[in-house]
Amino acid sequence: MEHLTKALGPNTFTASLINTDIQTPEKLNSDCGADYVKMYQKEPRGFSIPAGARCASLDGDADRIVFYYQDAKSVFKLLDGDKIATLAAGFIMRLVKEAGLSEKDIQVGLVQTAYANGSSTSYVKDTLVRCFPSKIDLFQSDKLF
Amino acid sequence: MITASHNPYQDNGVKLVEPMGDMLAQDWEKWAMELANAPTPHDLVEVLEAIVKEYSIDMTAQAKVLVARDTRPSGLSLVEALKSGVAALQGDLLDEGIKTTPQCHYLVRCLNTRSEYGVPTEEGYFDKLAKAYKRIIV
């Protein structure tokens, strides 16, 4: 993350990093990380969510992420993979509309796995994004776009 | 990629990456299981020979293996074991040290597309991500 924020530059993106001690092996995934946050529906141990902050947790090899925050009533709110994908799809659809592109110009696809929440699939379809059923292969194949 | 993902630090494992940076092909899962569960070195060799036969692998071709690991302490000794295995079959091992799993996938694809996908370094990875993000956001 340090490298990434440097590459992006301070005007694009800033992040405060916690639990960065990779020199102490026992700390890996210990009461922290994407899996912990998702499973226990709470922030990493020892971390207090600042008001209005958007938080994220990665897992030990950084190929999983969850986002979370506290709402106005200090209730913990988790954004898992389905929600992240839905937000990203909505954002891309907004860009497409702002660019004045129609379905003839571009088609947006979203890949969900078979484990995706059914309501999230319904929501995505209603926002004009075409959904393909599961399979990572579809995403990586040239046939998709 | 030598990692056990979200597991406790004492655990370890391996994630295999396809040449184009994809996740392991489904038909390879059964082979991964057989290799991991081979009770003796002799059984391990038998499984390897079965794989060579099944896919008609040309054993004279130069094989290249890229390995990266996460921060688990057992990662180092597992990389050493891999070095011996790859050397035993006269392959080349590219040790990328500590990387994230997405970085490992990226590096494999870069190498197999002769850097068309990106510069095969950690810096190349961040440059590519940062460029894409700035185009879409800014």
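Start with chain A and trace its order of elements: α-α-β-β-β-α-β-α-β-α along the sequence. That comes to 5 helices and 5 strands. Helices (H or I, at least four residues) and strands (E, at least two) are DSSP runs, numbered from the N terminus.

This is a predicted model: local features need pLDDT of at least 70, side-chain atom pairs count only at pLDDT 80 or more, and totals for chains, interfaces and linings use all residues. Residues are numbered from 1 along each chain as its sequence is written, chains are lettered from A and ligands numbered from 1 in the order in which they are written, and side-chain values use heavy atoms, with hydrogens and water left out.

**Stop 1: chain A as a whole**

Color chain A by accessibility. Of its 145 residues, 30% are buried. Buried means under 20% relative accessible area, exposed over 50%, and partly exposed in between (1.4 Å probe, protein chains only). Now turn to contacts, meaning heavy atoms within 4.5 Å. Among the contacts in chain A with a separation of 6 or more, 32% join residues 24 or more positions apart.

**Stop 2: the sheet in chain A**

Select β1, β2 and β3 of chain A. They form an open sheet of 3 strands in the order β1-β2-β3, with antiparallel pairing. Two strands pair if DSSP finds at least two bridges between them. Strands of a sheet pair through backbone hydrogen bonds, either parallel or antiparallel.

Which strands lie at the edges? They are β1 (55-58) and β3 (76-79) of chain A, and each pairs on one side only. Neighbouring strands of this sheet are turned by 30 degrees against each other on average, direction ignored. Axes here are lines fitted to C-alpha atoms, for helices over the stretch in contact, and angles run from 0 to 180 degrees between N-to-C directions.

Walk through the pairings next.

- β1(A) and β2 (residues 65-70) of chain A are antiparallel over 4 bridges. Pick Ser57(A): its bridge partner in β2(A) is Val66(A).
- β2(A) and β3(A) are also joined in the antiparallel sense, over 4 bridges. Pick Gln70(A): its bridge partner in β3(A) is Phe76(A).

Zoom in on the hairpin of β2(A) and β3(A). It has 5 residues between the strands, and Ser74(A) takes a positive phi near 60 degrees there.

**Stop 3: Asp61(A), reaching into chain B**

Go to the loop between β1 and β2 of chain A and select Asp61(A). Is this residue buried or exposed? Asp61(A) has 1% relative accessibility, so it counts as buried.

Show its surroundings. Beyond neighbours within four places in sequence, Asp61(A) is in contact with Met1(B), Thr3(B), Ser5(B), Lys15(B), Asp70(B), Thr100(B), Thr101(B) and Pro102(B).

The side chain of Asp61(A) makes one with the side chain of Thr101(B) at 2.5 Å. It makes another with the side chain of Ser5(B) at 3.4 Å.

Step across to Ser5(B). It sits in the segment before α1 (29-37) of chain B. With 8% relative accessibility, Ser5(B) counts as buried. Its phi is near 55 degrees, a positive value in a residue other than glycine. Most residues other than glycine have a negative phi, and most peptide bonds are trans.

**Stop 4: chain B as a whole**

Buried residues are 27% of its 138 residues. Residues 24 or more positions apart account for 54% of the chain B contacts with a separation of 6 or more.

**Stop 5: α4 and α5 of chain B**

Select helix α4 (residues 101-112) and helix α5 (residues 122-137) of chain B. Their axes come within 10 Å and cross at roughly 100 degrees. α4(B) and α5(B) are therefore roughly perpendicular to each other (the class covers 65 to 115 degrees; under 35 is roughly parallel, over 145 roughly antiparallel, the rest oblique).

α4(B) supplies Pro102(B), Gln103(B) and Tyr106(B), while α5(B) supplies Glu122(B), Gly124(B), Tyr125(B), Phe126(B) and Lys128(B). They divide into 4 nonpolar, 2 polar and 2 charged. Ala, Val, Leu, Ile, Met, Phe, Trp, Tyr, Cys and Pro count as nonpolar, Asp, Glu, Lys and Arg as charged, and the others, Gly among them, as polar.

End at Arg114(B), in the loop between α4 and α5 of chain B. Arg114(B) is exposed, with a relative accessible area of 79%. Its phi is near 50 degrees, a positive value in a residue other than glycine.

Methods. Polar contact = N/O pair within 3.5 Å; in protein donor to acceptor, adjacent residues only side chain to side chain.
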